[in-house]
Structures are given as structure tokens and as C-alpha cells.
Amino acid sequence: MIDQSQGRWLLGRDPQPFEGRVLGRHRPCNDDSPPISRARIDLRQLLPPWLLGAALLVSPALGLTEAPVIRVENEAAVPAAELESILQDFRAWATRVYRYNHADPGPVTLRLTRKVPFGFYQGESVIMPPSADRWEMRDNWVHELTHHATGHDSSFFFKEGIAVHTLEALFAEEGRVPATWPQFGQRTDAWVSLYLARGQLMKLSEALGWEHYRGDTADNDFRSWQIYNLAGSFVGWYVGHYGYDAFRTAFNAEWPAQDSAELERAWLAAILEKKLALFDPAAVLPKNKRYDEYARRLSVGAPHGRESRAWPAPTK
Ligand SMILES: [Zn+2]
């Protein structure tokens with residue numbers, strides 16, 4: 001993760017969040033500086049990449065003329081058979097990601113390394129650790145590959161929103177809800193319902209203008225995390241309401257064409273209509289200081305934050 005404001009980057013799902021470290025499973029999507037140390041870069045340059053995935057297949061039904069090309073840097077020394085299994089799996093998911101996003105990007109490099117705790121997208125590379133849990137790997141892969149499909153040129157809100165939404169939408173086709181950060185097994189709409197009910201939902205206009213992940217204070221860390229779920233929910237609604245092409249226009253402009261207050265009203269009305277059950281955030285978030293603080297902000301009886309809203313709470 002990159003803290004652009006301080007030129008620092010830090011990794012770690014659960015490190016000390018308020019000591020200038022930048023947090024989050026994801027995702028520096030502005031890649032001005034690498035989430036790896038200089039020493040690691042130098043080491044990497046000494047290791048010739050193991051190129052795989054160059055074989056081309058024809059997939060006319062998908063609107064792609066070739067199967068997604070995945071180049072591999074197997075720094076983690078994943079055994080060949082396992083690596084081939086991962087690649088076969090990842091090519092199939094890449095086809096779905098590109099199709100969902102009407103994209104046919106160039107080759108992507110998959111860099112498997114144990115030096116990162118979760119996925120990043122940098123340059124044209126997805127950098128992620130191997131895992132015995134293939135769904136966890138797919139979770140990382142689909143999110144980060146969506147950044148490859150949609151590109152670097154948009155806002156924090158739209159880049160993360162489409163990545164979270166694409167993952168949620170494709171996993172939903174498998175009857176799954178992403179289990180790791182930022183959703184932790186809850187739908188983005190359910191998180192938004194909870195933010196609303198607890199008076200903790202950011203204004204859409206503020207979220208749209210949020211520049212990048214901010215981990216400098218507990219409040220900014222919480223808000224930055226919230227934007228992943230908020231933006232994932234909003235982008236899903238926006239794509240469903242206006243279509244993918246309109247979304248893409250908003251993505252490119254880094255702001256929707258419509259009035260943001262009107263959009264917020266319609267989006268939240270659609271969520272409230274679903275009457276989603278509230279859940280206990282402490283029961284789904286990881287157990288440590290960082291997430292204890294998230295849960296405290298979202299618990300019943302917590303003082304309303306600065307974003308306290310007049311929206312009615314869901315009925316259950
Ligand atoms: Zn991301």
C-alpha cells in the first residue's frame with residue numbers, strides 16, 4: 001500500500017494503523033512507487049521471469065480474440081503442477097473479468113511472492129502471495145485484475161469501486177460473498193445499510209473526492225476502508241441503473257455526469273428498499289485493535305460521527 005501523502009508505503013492487513021502506516025489489503029492503484037523495497041526490486045531484476053501462459057486460444061464467444069495472456073514470475077517457487085492449476089484457473093477468471101468490464105487489455109504479469117501479505121496491482125503486474133485457499137487467491141486475483149482491465153486513470157473511488165463490485169458480482173455467480181477485506185463475508189449493500197443505520201455513512205460527494213487510501217489517523221483509516229464497500233455498492237447500482245458505458249464515462253471523468261446528491265438519494269433508496277438485515281460488525285470483522293475500532297464506530301449506541309445522516313434505518 002502506498003501512502004502518497006507521505007511517500008511511504010506499508011504492507012499489512014493488521015499492523016499498527018495509526019503510526020503513519022498505510023493499511024488495507026488493497027491497494028495502491030496509483031503506482032508511482034512500488035510496494036516493495038529497493039532491495040527487493042534489485043533481487044527481482046536478477047531473476048528472469050518464468051514466462052507462462054503465452055499460448056493463445058480463441059474465445060470468440062467471449063468477445064475476446066485470444067485467451068488472456070498471463071506472464072508469471074514465480075518468486076514463491078510454487079511447484080509446477082500447482083502453478084499450472086492456478087494459471088488455468090486464473091485464465092478462466094480473467095476472461096470473466098475482462099468480459100464483465102468490456103475490456104481486452106494486454107498481457108498481465110502475475111508475480112507470486114511471499115513478500116506481500118495480500119494482492120497489489122502495480123504497473124501491469126498483479127503481485128500476490130500464493131495460498132492454500134484457492135478462493136482467497138481468486139479473491140485477490142479478480143480484484144487486482146479488474147484494475148488491469150479498467151486502468152489506472154481514475155479516482156480512488158471509481159478504481160476501487162469497480163474492483164470491489166466486479167469481484168462481488170462474479171463471486172455472486174458462484175453463490176459466494178468475498179470473505180476477506182473489505183467485505184468480510186458481507187455484501188457491500190449490507191455494509192452500506194449498516195453505515196446508514198449507525199449514522200456513519202460518508203456523503204457520496206465526499207467519497208467521490210477522496211484522493212487515496214489514508215491511514216494516517218483512525219478516522220481516515222475507517223473512512224478509507226468504508227469507501228471500498230460504499231463505492232462497490234454504488235458502482236454496482238450505477239452500472240445496473242445507467243449501464244456499463246455510462247459507468248465508464250464516469251470512471252474516465254472521475255465524477256458521474258449526474259448530480260451526486262440526486263444519485264445518492266436514488267442509490268440509498270434502492271438499498272433501503274431491500275430491507276437488508278443488520279448484522280453485528282464485531283462478529284464478522286477480524287479481532288484486533290484496528291477492527292475493534294471499526295466495530296465500535298458501527299455499534300448500537302455509538303456516538304454518531306460527523307457524517308450522521310437523517311436517513312431512516314432499515315426495518316430489520
Ligand atoms: Zn484495489
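View 1. H102 follows helix 2 and has a positive phi, near 50°; helices (H or I, at least four residues) and strands (E, at least two) are DSSP runs, numbered from the N terminus. The model is a predicted one, in which local features need pLDDT of at least 70 and side-chain atom pairs count only at pLDDT 80 or more, whereas totals for chains, interfaces and linings use all residues. Residue numbers start from 1 along each chain as its sequence is written. I86, F90, A94, V97 and Y98 of helix 2 are buried, a residue being buried if 20 or more other C-beta atoms, placed from the backbone, lie within 10 Å of its own, exposed if 12 or fewer, and partly exposed in between. Seen down the axis of helix 2, these buried residues fall within an arc of 95° and so line one face of the helix; the arc is that of the directions from the helix axis to the C-beta atoms. A81, Q88 and A92 are exposed on the other side of helix 2.

View 2. I70 has V108 in strand 4 as its bridge partner. From strand 3 the chain passes through helix 2 to strand 4 in a left-handed β-α-β crossover; a crossover is right-handed if, with the strands pointing away from the viewer, the path from the first strand over the helix to the second runs clockwise.

**View 3. Helix 9 and its cover.** L263, W267, L268 and I271 are the buried residues of helix 9. Viewed down the axis of helix 9, they fall within an arc of 115°, so they line one face of the helix. The face turned away from this buried side carries the exposed residues A261, E262, A269 and E273. The cover of the buried residues includes helix 5 (188–197), helix 6 (204–208) and helix 7, contact between two residues meaning that their C-beta atoms, placed from the backbone, lie within 7 Å. Just after helix 9, K275 takes a positive phi of about 50°.

Key:
Two strands pair if DSSP finds at least two bridges between them.
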